[in-house]
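Subject: Structure handover

Hello,

Here is the structure I said I would pass on. My notes on it come after the model.

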Amino acid sequence: MYLTRKHLHRRTVLKGLGATLALPLLDAMLPAGRVFAAGSARKMRLVAMEMVHGCAGSTTFGLKKNLWSPASVGRDFDLTATSLASLEPYRDYLTIVSNTDVNNAEAFTPPEIGGDHFRSAAVFLTQAHPHQTQGSDIHAGTSLDQLYAQKFGQETPIPSMQLCIENIDQSGGCFYGYSCAYTDSISWASPTEPLPMVRDPRAVFDQLFGVGATPAARARRRKKDRSILDWVTESVNDLKGRLGPADRARLGAYLDDVREIERRIQKVEALNTSGDARELPTAPIGVPDSYAEHVKLMFDLQAVAFAADVTRVFAFKLSRDVSNRVYPETGVNTGFHIASHHNDREDRILEFEKINRYHVSLLPYFLEKLKNTPDGDSNLLENSLLIYGSPMGNPNVHNHKRCPLLLLGHAGGQLKGQVHVKAADGTPMANAMLSALQKIGYQGDSFGDSTAALELNG
């Protein structure tokens, strides 16, 4: 089907008082007489997610029972017994990487012993060993997400965004001689520049849809208790008059998604300012008490940001080291950190595995969003690389061996998916991350403590 000659620029936005709304990719944004060419001009999206405290599958018992990665290597694997069982509907997009180590999270000197929780987050996406300090002379490495953003981030209004679920508003020194900067962020623009992470969905929403507007204007809009769409109604109606039926439907679905996210944020804010007791009394008012609700809101914000091409890069910290949050949905009443110290008791390892399984079970929500969002001739999941893992292995002993890692998405066809890659003993996780980076356009031949790129397609 050929397109109309009413061409729109890809960076067309809807503007109103205190609001600037980017648009999804529409047919009208292509040159007249052109259609989407298969595989043309693919824009890769990257989401790097860290989960703390390792996994039950990294224990001796967990390895025997295949609690994290499946028993079979290659494409004919069974996820039933693993923490990844909920990913079965998306196995075509799943690349499991097992048996890799994060050596730079280990203690290098006697004073560093015991400080694993307070340096690990800084290692995950940098694969570099942090300098032990509680002063301003912090030093780690440039993170994977920022290496990608520095090459491709200038093509979008926001080069990258950094999100988190738990509190990160620490300052000064934490414990074992480490600055809280190492615990607070997984994203590093340079070895000395950790990037602040945003916990409040309202702040993320305003950054995505208030680009170019002043904080005062955004505050006035919220105070009037009106939707962002109310401020751009005139622009929306004008644009719809210039679009064909398919584009009008795509625009309508996108605006519905934006409004639904906004409505959910407003509902959380209303509840949190009602005077009722909160489970998280010190959290920003836009943060839901429910872990799952918070994570899903952040996933939705990432999906609409990708659809509108506001940014193509997210770092997402899903918990905080030594967090003792309880997840009622798991049936486990023990706090996360306490549960991770299972003392190698099989019953407690199995309890901890329930928490791992629960965390992974939230990913299909995001995968479905991406798969159902058109992106040129394909969808966002086809053109994305999602990384999920932990820099810790067996948390009971704070080791960094056989750490959990998985990749999701086809990275524009560069990843085949439906494969379990088991690395040779002693393989750095950095090898897998280097290969993943290269799949989305990174041209370097090393990353962190990598020794070679790891083959990810089996």
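Predicted model: local features only at pLDDT ≥ 70, side-chain atom pairs only at ≥ 80, totals over all residues.

Residues are numbered from 1 along each chain as its sequence is written, and side-chain values use heavy atoms, with hydrogens and water left out.

Cavities

Rolling a probe the size of a water molecule over the atoms shows where empty space is left. Here a cavity is a set of points, on a 1 Å grid over the protein atoms alone, where a 1.4 Å probe fits but cannot get out; lining residues have an atom within 4 Å of a point. A volume is the space filled by probe spheres set on the points, which are joined across faces, edges and corners. Searching the whole structure gives 2 cavities of 30 Å³ or more.

The largest cavity holds about 60 Å³. Its lining is made up of Met-51, Gly-54, Cys-55, Trp-68, Asn-356, His-359, Tyr-388, Gly-389, Ser-390 and Pro-404. Helix 12 (346-361) and strand 11 (384-389) are the elements that give two or more residues to this lining. Helices (H or I, at least four residues) and strands (E, at least two) are DSSP runs, numbered from the N terminus. By class, the lining has 5 nonpolar, 5 polar and no charged residues. Nonpolar covers Ala, Val, Leu, Ile, Met, Phe, Trp, Tyr, Cys and Pro; charged covers Asp, Glu, Lys and Arg; the others, Gly among them, are polar.

The second largest cavity holds about 40 Å³. Residues lining it include Met-51, His-359 and Tyr-388, each of which is also listed for the largest cavity.

Helix 12

The 16 residues of helix 12 should span 22 Å at 1.5 Å a residue, and its end C-alpha atoms are 22 Å apart, which agrees. The expected span is 1.5 Å times one less than the number of residues. Among the buried residues of helix 12 are Asn-356 and His-359. Buried means under 20% relative accessible area, exposed over 50%, and partly exposed in between (1.4 Å probe, protein chains only). Cover for the buried residues of helix 12 comes from elements including helix 10 and strand 11, where contact means heavy atoms within 4.5 Å.

A pocket

A pocket is an open set with protein on both sides within 12 Å along at least five of seven lines. The second largest pocket holds about 380 Å³. Of the 20 residues lining it, Ala-253, Asp-257, Lys-369, Asn-372 and Thr-373 lie nearest its centre. Helix 9 gives the largest share of this lining, 8 residues. The lining divides into 11 nonpolar, 2 polar and 7 charged residues.

Cysteines

There is 1 disulfide, a disulfide being a pair of cysteine sulfur atoms within 2.5 Å. Cys-174 is joined to Cys-180, with S to S 1.9 Å. The torsion about their S-S bond is about 115°, so the disulfide is right-handed. Cys-174 is buried at 16% relative accessible area, and Cys-180 is buried at 3%.

The sulfur of Cys-55 has its closest cysteine sulfur in Cys-403, 8.1 Å away, too far for a bond. Cys-55 is buried at 1% relative accessibility.

Regards
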